[in-house]
Amino acid sequence: MKTNLHILPKEPTLPAPPDSGLILEGGGMRGQYASGVMDWLLQKGLRFPYVIGVSAGISNAASYVSGQAGRNHEIFTRFAGDPRYFSWRNLWRQGNPFGMEFIYKDLPRFIPFDFEAFERSPARFRIGVTDCMTGDAVFLEKGEAPLLDALLASSSLPLIGRMARVNGRLYLDGGICAPIPFEQAWVEGVRRRVVVLTRNRGFRKKKPGRGVKALIAVKYRRFPALAAALERQWKTYNQMLEALEAEEKAERVLVIRPSQPLKVGRYSQDQGELEALYQNGKADAEACGAKLFDFLSA
């Protein structure tokens, strides 16, 4: 089947400074906002030398690194609502409402992913996952593990999803311990950080109720460090947001976040809402374009 992908030139036309990087939050289907931002970046020829993120954020970013503008847009346009992509039946069959095998093993054939362009890219590509034994954030490097296995691990949701095994280790969603890994980027020498969030300004997570805590304790009784990380996940996220907002105020990071009220949830399959969110990402990137280029050239 013919696709509408816009495959960009092999070499970036406007490379970003060597000390710059793109940091991506997850959020399931809310990640279509970041897809809109990244397609705008690709269309402007802006290729970051360092890309880091978790869950849906880093999964969508693989198409950014391979230079395939429009690929993520085509995926949700063609497959949102497809039971192979998302259905609660998948939860019983595979341990996740998202059809992880379909998304990470079959979709790259239906809507081709350019593995050669991805591998050829000089960009560092850091996939955030959570180690189930230690409860710590781990960032897998491009080439350190099979790409699709690592991306699947980063998107393996806790409680409703199954652990993913990569290189003999068990991992879950990278958003548990490092939902917005802008600090990791700084540690690795990235001084000009562009962060793409998938929540509106002012959002904060709420403390989980007793029922959720009890479920965590039972399900992960053999993984106490992971259970502890999950219990404090809401606090980790809120503290990270507060630290990010302080960095933003000091103009040490540039943050792009949804300007329109969110209608899309983690599991949304409404194509109209997803399209609006994607277009909001492109529009917000365009709106801050001048500020972005000033930030990168300072």
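Predicted model: local features only at pLDDT ≥ 70, side-chain atom pairs only at ≥ 80, totals over all residues.
Local features need pLDDT of at least 70, side-chain atom pairs count only at pLDDT 80 or more, and totals for chains, interfaces and linings use all residues. Residues are numbered from 1 along each chain as its sequence is written, and side-chain values use heavy atoms, without hydrogens or water.

**View 1. Strand β3 is mostly covered.** β3 spans residues 20-24, and five of its five residues are buried (under 20% relative accessible area, 1.4 Å probe, protein chains only). Ser 20, Leu 22 and Leu 24 lie on one side. Gly 21 and Ile 23 lie on the other. Strands are DSSP runs of E, at least two residues, and helices are runs of H or I, at least four, both numbered from the N terminus.

**View 2. β3 pairs with β11 and with β5.** Pairing requires at least two DSSP bridges between two strands. β11 (residues 192-196) runs parallel to β3 over five bridges. β5 (residues 50-54) is also parallel to β3, over three bridges. Ile 23 faces Val 195 in β11 and has Ile 52 as its bridge partner in β5.

**View 3. The largest pocket is lined by 27 residues.** A pocket is an open set of points on a 1 Å grid over the protein atoms alone, with protein on both sides within 12 Å along at least five of seven lines; lining residues have an atom within 4 Å of a point. The space is about 650 Å³, the volume filled by probe spheres set on points joined across faces, edges and corners. Leu 157, Pro 158, Lys 205, Gln 233 and Arg 266 lie nearest the centre.

**View 4. Helix α11 gives the largest share of the pocket lining, three residues.** α9 (210-219), α10 (224-231) and α11 (233-249) each supply at least two.

Technical notes. Buried < 20%, exposed > 50% of the residue type's maximum accessible area, 1.4 Å probe, protein only. 1 Å grid on protein atoms, 1.4 Å probe; cavity = no way out; pocket = protein on both sides within 12 Å on 5 of 7 lines; lining within 4 Å.
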